[in-house]
Amino acid sequence: MTRPGGTWQNWGRSASVRPMRVERPRSPEGVQRAILAAAAQGFTVKAVGAGHSFTGIAVAPGVLLELDDLQGLVSADANTGRVTLLAGTRLHRIPALLKPYGLAMQNLGDIDRQSISGAISTGTHGTGTGFGGIATQVRGLTLVTAEGEFLRIDETHNPELLPGAVIGLGALGVVVEVTLQCVPAFILHAVDEPAPLDEVLADVHGRAAASDHFEFYWFPHTDVALTKRQTRLPESARREPLPPVSRWVDETLLSNGVFRAVCGISRALPAITPPFNRLAVGLTGDREYTDRSHAVLTQRRTVRFREMEYAIPAENVVPAFDELRRLISDRGWRIEFPVEVRFAAADDLWLSTASGRDTAYIAVHRYWRVDPREYFDAVEEVMLRHGGRPHWGKLHGLDAARLRERYPRFDDFIALRDRLDPQRLFGNRHLERVLGA
């Protein structure tokens, strides 16, 4: 976030800026005042939540609005499951806010540090062939437009705009409230176990369909997939969470502490990467437990990294993964971070990576102190050959011309942007690249 001296940088340290001014509005009206003042002075405006996007989507050379103080519950209805939250509310705070109402979010990604508005605006998702991304849970939102007006978009107010505005990339205005369709609180029975990679790939669609939530990780230089499958149970089901010591060993000592040290050492000694990956596969990924949904779906990650993720038609996941695996082997790279494979159901949101098609996601990562460009560029070409769409909040090299080819409603979104922000008050260089000048 913004450091002394006025420099803002994102979590992945892949984007930074020194804004003309930083403001921390404490209410929707405070956001409105900030936008009107910036427009009057000729400054652009960008809002930022937790800074977990790896791209420059939130870079604000003009006025930076930090939404840290715009958090909390606006309203909740236990009968309908409708919940309205202030836009800066962090995902990890939402379970406690929903608990008194017996509700939960239908699905979550594996990191919960983001703000709710940032998560939906960039198309953040979890996994599960029967579930869409977080944005599909949105039933309404309120944003402040370039004219300084509050625009409500939901089933009764401007409903035709909702599919285009939910994943808005911060290009349409500043979101100040989000209404979600939540579900009754539930428990997840989780089984994490290693399996031969070739066996998993041979039946990956069957495995994905057999569980409510399924994903797997693959450490390059190994022949093992670390699978994670979860089954939804009613809230009344008996909880058998991981013992605190076991969780600490797996998630704090091994997955973060030891892994951070190895990532640092591997920069100077790349040869240690393959044997460490084989050791990591042997030490992790074999456990069974039952716990509240958010405790199972999310993980604590403190090792800083950079990420690229592509959404491809679900039927292309095996050939795309096989090509990625051959690429790493042929190039002789030593890749310290695992490759992650997840799934999502098709939806009808204009800029959703799963728009119009059942989707598989393949994500690649590098330690934040390692230059990822050669690896990411080569993987990107593989994914593009298989119909890939890049995650809006993660690194990629596509521009508006190439993205237009991949989104049937791309020009509809541009028309909506022209209507709501014709002067590009909410623009920046990154949005110029991915949406056009």
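Predicted model: local features only at pLDDT ≥ 70, side-chain atom pairs only at ≥ 80, totals over all residues.
Helices (H or I, at least four residues) and strands (E, at least two) are DSSP runs, numbered from the N terminus. Residues are numbered from 1 along each chain as its sequence is written, and side-chain values use heavy atoms, with hydrogens and water left out.

**The three-stranded sheet**

- Three strands form an open sheet in the order β3-β5-β4, and their pairing is parallel (two strands pair if DSSP finds at least two bridges between them).
- β3 (21–23) and β4 (45–48) are the edge strands, each with a single partner, so one side of each lacks a neighbour in the sheet.
- On average, neighbouring strands here are turned by 25° against each other, direction ignored.
- Three bridges join β3 to β5 (residues 63–66) in the parallel sense; arginine 21 has valine 63 as its bridge partner, and valine 22 stands opposite leucine 64.
- Four bridges join β4 to β5, again in the parallel sense, and valine 48 is partnered there with glutamate 66.
- From β5, Val63 and Leu65 point one way while Leu64 and Glu66 point the other way, and all are buried (under 20% relative accessible area, with exposed meaning over 50% and partly exposed in between, using a 1.4 Å probe and protein chains only).

- Serine 53 is buried, with a relative accessible area of 17%.
- Setting aside neighbours within four places in sequence, serine 53 is in contact with Asn10, Thr122 and Gly393 (contact means heavy atoms within 4.5 Å).

**The α10 and α11 pair**

- Helix α10 (residues 317–331) and helix α11 (residues 373–385) have axes that come within 10 Å and cross at roughly 150° (axes are lines fitted to C-alpha atoms, for helices over the stretch in contact, with angles from 0 to 180 degrees between N-to-C directions).
- On the α10 side, the contact is made by Ala320, Glu323, Leu324, Leu327, Ile328 and Arg331, and on the α11 side by Glu374, Tyr375, Ala378, Val379, Val382, Met383 and Arg385.
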